[in-house]
Structure formats: structure tokens, C-alpha cells
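Hello,

Here is the structure I promised to pass on to you. Please have a look at it first, and then read my notes below.

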Amino acid sequence: MKSAVLVFPGINRERDMARALRLISRREPAMVWHAERELPPGTDLVVIPGGFSYGDYLRCGAIAARAPIMEAVRGFAQKGGLVLGVCNGFQILCEAELLPGVLMRNAQLRFICRDVYLRVERSDTPFTRGYNAGQVIRVPVAHGEGNYIADGETIARLEGEGRVVFRYSSPDGMIDPNWNHNGAMNAVAGIINERGNVLGLMPHPENHVEASMGRTDGRGLFAGLVDHFKLAA
Amino acid sequence: MKARVTVTLKSGILDPQGKAIEGALRSLGVSGVASVRQGKVFDIEIEGNDRAKAEASLKRAADKLLANTVIENYRVEVIG
């Protein structure tokens with residue numbers, strides 16, 4: 001699996017992401033600077049990592065979404081290429097309109113830095129084939145603007161089409177306001193696009209892929225992607 | 001030409017920052033504040049003298065970048 005990790009000024013989670021990709025895909029990911037106009041040839045997976053691109057100026061991800069490389073990402077996604085956005089990456093995908101809705105300020109106004117439980121809603125996507133539907137995983141979050149908001153029509157469509165892929169839950173998979181720390185609508189933690197090739201999520205699975213990190217719940221996302229490409233080859 | 005683009009949240013969009021400011025004003029003893037919603041102001045210098053052209057440019061700027069039209073409205077004023 002050939003992966004490309006985008007780097008914008010202010011992104012700070014690209015090395016964690018590269019480490020996870022290197023470990024699990026056993027292949028060095030390409031680091032692609034925002035000013036480039038092309039993705040490396042043969043790219044299978046584009047990853048937009050977390051951080052504070054452009055200092056979160058104007059709106060989180062707003063400026064990164066309009067950077068030169070995003071035109072290439074758009075074309076790549078249009079042709080069915082897989083795109084994964086984590087945290088700031090999710091915000092960038094929404095601002096780029098590759099995913100619907102918007103990530104707004106956490107409802108309680110606090111930056112949240114802790115482990116959360118996510119219920120994996122479906123396992124029939126390339127991103128979640130490494131999990132079982134209904135499985136609960138524990139992964140860290142670190143964000144001030146993770147409150148997923150969309151209008152009624154969009155939420156209805158997302159739910160109706162099964163495009164909510166991860167939801168904040170209790171450790172035993174119940175949806176409960178006490179376990180939805182940022183107040184996101186319908187406890188949405190991650191969604192896919194209509195075609196199913198673009199996924200955005202607020203939590204950081206790349207930080208739970210090695211025993212030394214405490215847990216390895218995040219491995220399934222990356223391992224599933226590697227399997228997806230192995231089978232497609 | 002001077003111009004100002006004001007970006008505000010659409011009604012119905014939750015504004016926790018506005019609420020926090022409301023609370024702070026209350027604590028400061030500023031009475032009679034029923035509600036606060038926070039927006040943004042962009043003061044822009046536009047080259048040339050063509051008012052209509054300026055407005056069109058600014059509308060484009062707002063649609064493409066300054067406002068996220070999923071959650072925000074904007075107003076363009078060319079001041080002179």
C-alpha cells in the first residue's frame with residue numbers, strides 16, 4: 001500500500017501518522033508538501049494528519065482546504081482513490097467539501113485531550129474492515145473543535161445511508177451524552193462520503209498502534225486498509 | 001476603496017462562544033444583555049474605483065473563503 005501523507009504549515013501529527021503507516025504497511029509513506037501540485041504516482045491512500053494547519057486561522061482547516069495540493073487530492077478522490085483525514089484532516093476535508101458538514105468548537109468550550117471509546121458502526125468499508133460492526137475501540141482525541149454539525153437534511157442523509165462510521169460511545173457501546181465529550185450531533189466521530197472512499201474522523205487511531213503506546217486499538221484501521229489493497233492487487 | 005465583509009453565524013447554529021461572552025458580561029455587571037452571538041469583520045482595501053466590480057470580487061471572496069456558507073452568512077459593504 002503506497003501512502004502519501006500531506007503536510008501543511010502548522011500540521012504536527014504527520015510523523016506519528018508516518019510511523020503508524022510505516023509499521024503496519026511496512027512501506028515508507030511519501031510526505032507531500034502542501035505547495036506540490038501532484039501526488040506521487042501510484043499513490044493508493046492519501047492521509048491528511050492532525051495539527052493546527054495555518055494556525056487554525058480564519059476557521060480550522062479553511063486555508064489548508066484551498067492549498068494547491070488539494071486539487072490533486074480532489075481529482076484522486078474523484079477517481080475513487082482512498083482518502084483518510086484525521087482531526088485537522090477531517091476539518092480540512094469538510095472545508096474542502098469532500099465531506100459534508102462542519103467541525104465546530106467543542107460544546108463545553110474546552111480542549112479535550114483524553115482517550116475516548118468509539119463504536120465502529122460498520123465493518124464493510126476499506127477503513128473499518130479490520131474491525132467488527134459494533135466493536136468498541138479506545139483511541140485518544142486531542143481537539144478544541146471536534147463538534148460535528150450539519151443541517152437536518154444532511155444528518156438524515158448520513159444516517160439513512162449508513163455513512164456515520166464511528167460514534168462516541170460508552171465502553172460498552174452505548175450512545176450516551178456523558179460519553180460524547182465535545183457535544184457532536186448524533187455523537188458523530190467519523191463519517192464517509194457518498195462513494196465510501198473518503199473518511200474523516202476526529203480521534204487519532206495512529207496513536208494506539210504499538211504496545212508501548214498502551215493500547216493497539218487503532219491498528220485495525222490501518223491493517224484493514226493494507227488488506228484492502230492486498231486483495232485489490 | 002475600503003470595504004468591509006461581516007461574517008455571522010446562521011441562526012440555529014449553536015454559538016457556545018457567544019454564550020460564554022454573555023455570561024462574562026453578566027459577571028461584569030453589564031445588565032440587560034439578552035444574548036450575544038460572535039461574528040467576524042474583515043476590513044479589505046480594494047484596488048480601483050469600480051464599485052460593482054468590487055462588490056462582485058468581495059462576494060466571491062466571501063463565498064470561496066471568508067465564510068463557510070454551511071454555517072455562516074455574510075454581508076458586503078463597499079464604504080468608499
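This is a predicted model: local features need pLDDT of at least 70, side-chain atom pairs count only at pLDDT 80 or more; totals for chains, interfaces and linings use all residues.

**Notes on the model**

Residues are numbered from 1 along each chain as its sequence is written, while chains are lettered from A and ligands numbered from 1 in the order in which they are written.

Back to Glu55(B): it counts as partly exposed because 15 other C-beta atoms lie within 10 Å. The cut-offs are 20 or more such atoms within 10 Å for buried, 12 or fewer for exposed, and partly exposed in between, with C-beta atoms placed from the backbone. Leaving aside residues up to four places away in sequence, Glu55(B) touches Val76(B) and Val78(B) (a contact means C-beta atoms, placed from the backbone, within 7 Å). Val78(B) is 23 residues from Glu55(B) in sequence, yet their C-alpha atoms are 6.8 Å apart.

**Where the chains meet**

In the interface, 10 residues of chain A are in contact with eight residues of chain B. The chain A side consists of five nonpolar, one polar and four charged residues (nonpolar: Ala, Val, Leu, Ile, Met, Phe, Trp, Tyr, Cys and Pro; charged: Asp, Glu, Lys and Arg; polar: the others, Gly among them).

**Chain A**

Chain A has five helices and 11 strands. Of its 233 residues, 54% are buried. Its C-alpha atoms fill a box of roughly 45 × 40 × 35 Å along the principal axes.

In helix α5 of chain A, Arg219(A), Gly220(A), Leu221(A), Phe222(A) and Leu225(A) are buried. The buried residues of α5(A) pack against α1 (14–25) and β3 (45–48) of chain A.

Two loop residues may also interest you. Arg26(A), between α1 and β2 (30–33) of chain A, has a phi near 55°, positive although the residue is not glycine. Arg26(A) counts as exposed because it has 9 C-beta neighbours inside 10 Å. Cys87(A), in the loop between β4 (82–86) and α3 (88–95) of chain A, has a positive phi too, near 60°. Cys87(A) has 28 C-beta neighbours inside 10 Å, so it counts as buried.

Best wishes

Definitions and conventions
Two residues are in contact if their C-beta atoms, placed from the backbone, lie within 7 Å. Helices (H or I, at least four residues) and strands (E, at least two) are DSSP runs, numbered from the N terminus.
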